[in-house]
Amino acid sequence: MTLERRMNRHLESLFAGAQDTLEHRELKEEIRSNLAARIDDYLAEGMSEEKAFQTAIQHMDGMEQFMSDYRHVKRVPYWTALWQSTLIYSLVAWIITIPTRVMLGGAALNNLLLIISLIVGAAYVVYSMSNRENGSGSSDTEKTTRVRVLVLKQWQRRAWWLWAAVVLVLWGTQAALRFGSNIWFDRPIQVNGPYQLAVILFAFALPLLSILIPLVVHRAYRIVSKYEVSDNI
């Protein structure tokens, strides 16, 4: 069996349980390139093909975990940072909507965001207190958790696309409800005073607050590298 065919068989077995995604195909080619470069280096040192192949394979120990896109992260710091970010996002949204309390719908929305902020804040405090002593006398398994980075990255993209689609649909619905008859019957669109203008702007700005969801998903993906455990404890 040729050396190239042996490399192909090894890569196929390595990725046997992986999904056929663009990320995995790119990773597979990167591994192939690195493996071939190592084998060439060992052959140049005078090793036989068999010895060079086996030595290169040995230097790729742990690649199964890497290609399966799992990352070990420090459990408590990771989730604490994510709770903190969620709390900050909800508080910012609550503060931004305070001026809208002059409207009935604005007051309800602001109260809802306040309730959400209180719930997230309480959950953050409870989580922090319950894990305050984590790290002393804990096992390695309790101190780390596994995160599927590629899956999380895919959900990050989907969250942004889904958010954009929802916003566009809601904007279209608002436009149809408020201005549909004017456009259909070719009547001019009139805004009677600043209060009505504020109501219209509020109706169109309201869907933008759903950005909290993709922001949290985005944050969950971005902080993985910050709390990753490089020694696979």
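Analyst: This is a predicted model. The lining of the second largest pocket counts nine nonpolar residues, three polar ones and no charged ones. The space in this pocket comes to about 180 Å³.

Three helices each give at least two lining residues: H5, H6 and helix H10 (212–222). H6 has the largest share, with five residues. Among the lining residues are Thr86, Tyr89 and Ser90. Leu109, Leu112, Leu113, Ile116 and Val120 also line the pocket. Leu209, Ser210, Leu212 and Val216 complete the lining.

Now the loop between helix H5 (75–96) and helix H6 (104–130). Thr100 sits there. Thr100 has a relative accessible area of 15%, so it counts as buried, the limit being under 20%. Its side chain reaches the backbone oxygen of Gly106 at 3.5 Å. Leaving out residues up to four places away in sequence, Thr100 touches Gly106, Ala107 and Phe202.

Charged pairs come next. The structure holds two salt bridges. In one, Arg6 pairs with Glu50, and the closest N and O atoms are 2.5 Å apart. Arg6 is in helix H1 (residues 3–14) and Glu50 in helix H3 (residues 49–58), so this pair ties together parts 44 residues apart in sequence. Glu50 is partly exposed, at 40% relative accessible area.

Glu29 and Arg32 form a salt bridge too, with the closest N and O atoms 3.5 Å apart. Both lie in helix H2 (residues 22–44), three residues apart, about one turn of the helix. Glu29 is partly exposed at 45% relative accessible area, whereas Arg32 is buried at 19%.

Note on methods. Residues are numbered from 1 along each chain as its sequence is written. This is a predicted model: local features need pLDDT of at least 70, side-chain atom pairs count only at pLDDT 80 or more; totals for chains, interfaces and linings use all residues. Side-chain values use heavy atoms; hydrogens and water are left out. Helices (H or I, at least four residues) and strands (E, at least two) are DSSP runs, numbered from the N terminus. Buried means under 20% relative accessible area, exposed over 50%, partly exposed in between (1.4 Å probe, protein chains only). A polar contact is a pair of N or O atoms within 3.5 Å; within protein, one must be able to donate a hydrogen and the other to accept it, and residues adjacent in sequence count only if both atoms are side-chain atoms. Contact means heavy atoms within 4.5 Å. On a 1 Å grid over the protein atoms alone, a cavity is a set of points where a 1.4 Å probe fits but cannot get out, and a pocket is an open set with protein on both sides within 12 Å along at least five of seven lines; lining residues have an atom within 4 Å of a point. Grid points are joined across faces, edges and corners, and a volume is the space filled by probe spheres set on the points. Ala, Val, Leu, Ile, Met, Phe, Trp, Tyr, Cys and Pro count as nonpolar, Asp, Glu, Lys and Arg as charged, and the others, Gly among them, as polar. A salt bridge is a side-chain nitrogen of Lys or Arg within 4 Å of a carboxyl oxygen of Asp or Glu.
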